[in-house]
Amino acid sequence: MSSSTSGGAGTKHAAGAFDVRNVIAALIGFYGVVLVLVGLFGNTPSDRERTGDINANLWAGLAMIVFAAAFALWVRLRPIVVEAPPDRQDPEDDGSGRTAPGHH
């Protein structure tokens, strides 16, 4: 057993792609990029007139990209740690009960 187990349970690891914050960051970021592109290439004079001469798509898209980057940074700085089921074998484990060097 490794030192990262608690009470004989499975090993702990980061949630990674299964962290809902990654999904939120990807979706908001994708929509932000789409809005930036629409703001740059699809902004008509009638659109600017309706928004008080502000490129609303561009600014909303940039804000969404900043929001997505903040979520991605949050995921990176504060990862969610989950415990693997005890019957699941770690792919880096060679079966001897020892983990690879540098892994806990």
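Predicted model: local features only at pLDDT ≥ 70, side-chain atom pairs only at ≥ 80, totals over all residues.
Let me begin with the overall layout. The chain contains 3 helices and 2 strands, and if we read from the N terminus onward, the order of these elements is β-α-α-α-β. The chain has 104 residues, of which 18% count as buried, and its accessible surface comes to about 7600 Å², with 65% of that area belonging to carbon and sulfur atoms. If we take the contacts with a separation of 6 or more, 73% of them are accounted for by residues 24 or more positions apart.

Now to helix 1, which covers residues 20–41. With its 22 residues, helix 1 reaches 32 Å from the first C-alpha to the last, which is close to the 32 Å expected at 1.5 Å a residue. Its buried residues are Arg21, Ala25, Gly29, Gly32, Val36 and Gly39. Looking down the axis of helix 1, we find these buried residues within an arc of 90°, so they line one face of the helix.

What covers the buried residues of helix 1? Helix 3 is included in that cover, and I will therefore take helix 3 next, since its buried residues in turn pack against helix 1.

Helix 3 runs over residues 56–77, and its 22 residues should span 32 Å at 1.5 Å a residue, which agrees with the 31 Å between its end C-alpha atoms. The buried residues here are Leu58, Gly61, Ala68, Phe71 and Val75. Around the axis they cover an arc of only 150°, which puts them on the same side of helix 3. The face turned away from that buried side carries the exposed residues Trp59, Val66 and Leu77.

Is Arg21 buried or exposed? With a relative accessible area of 6%, Arg21 is buried, because the cut-off for that class is under 20%. Leaving aside residues up to four places away in sequence, Arg21 touches Phe71, Trp74, Val75, Arg78, Pro79 and Ile80.

A nonpolar patch of about 780 Å² is made by Val20, Val23, Ile24, Leu27, Phe30, Tyr31, Val34, Val38 and Phe67, and helix 1 supplies the largest share of the patch, with 8 residues. Phe30, a member of this patch, lies in helix 1 and counts as exposed at 51% relative accessibility. The C-alpha atom of Phe30 is separated by 8.8 Å from that of Met64, although these two residues are 34 residues apart along the chain.

Finally, the charged pairs. How many salt bridges does a search of the whole structure find? The answer is 2 salt bridges. In one of them, the side chains of Arg50 and Asp47 meet at 2.3 Å, N to O. Arg50 and Asp47 are 3 residues apart in helix 2, which means that about one helical turn separates them. Arg50 is exposed, with a relative accessible area of 66%, whereas Asp47 is partly exposed at 22%.

The other salt bridge joins Arg48 to Asp53, where the closest N and O atoms are 3.5 Å apart. Arg48 is partly exposed, with a relative accessible area of 32%, while Asp53 is exposed at 55%. Asp53 sits in the loop between helix 2, residues 45–50, and helix 3. The backbone of Asp53 is also worth a look, given that its phi is near 65°, a positive value in a residue other than glycine.

Technical notes. Residues numbered from 1 in each chain as written. Heavy atoms only, no water. Helix = DSSP H or I, 4+ residues; strand = E, 2+ residues; numbered from the N terminus. Buried < 20%, exposed > 50% of the residue type's maximum accessible area, 1.4 Å probe, protein only. Contact = heavy atoms within 4.5 Å. Areas by Shrake-Rupley, 256 points an atom, 1.4 Å probe, with all protein chains shown as cover. Salt bridge = Lys/Arg side-chain N within 4 Å of Asp/Glu carboxyl O. Patch = residues over 30% accessible without salt bridge, like charges linked within 9 Å, V, L, I, M, F, W, Y side chains within 5 Å. Expected span 1.5 Å × (residues − 1). Arc of directions from axis to C-beta.
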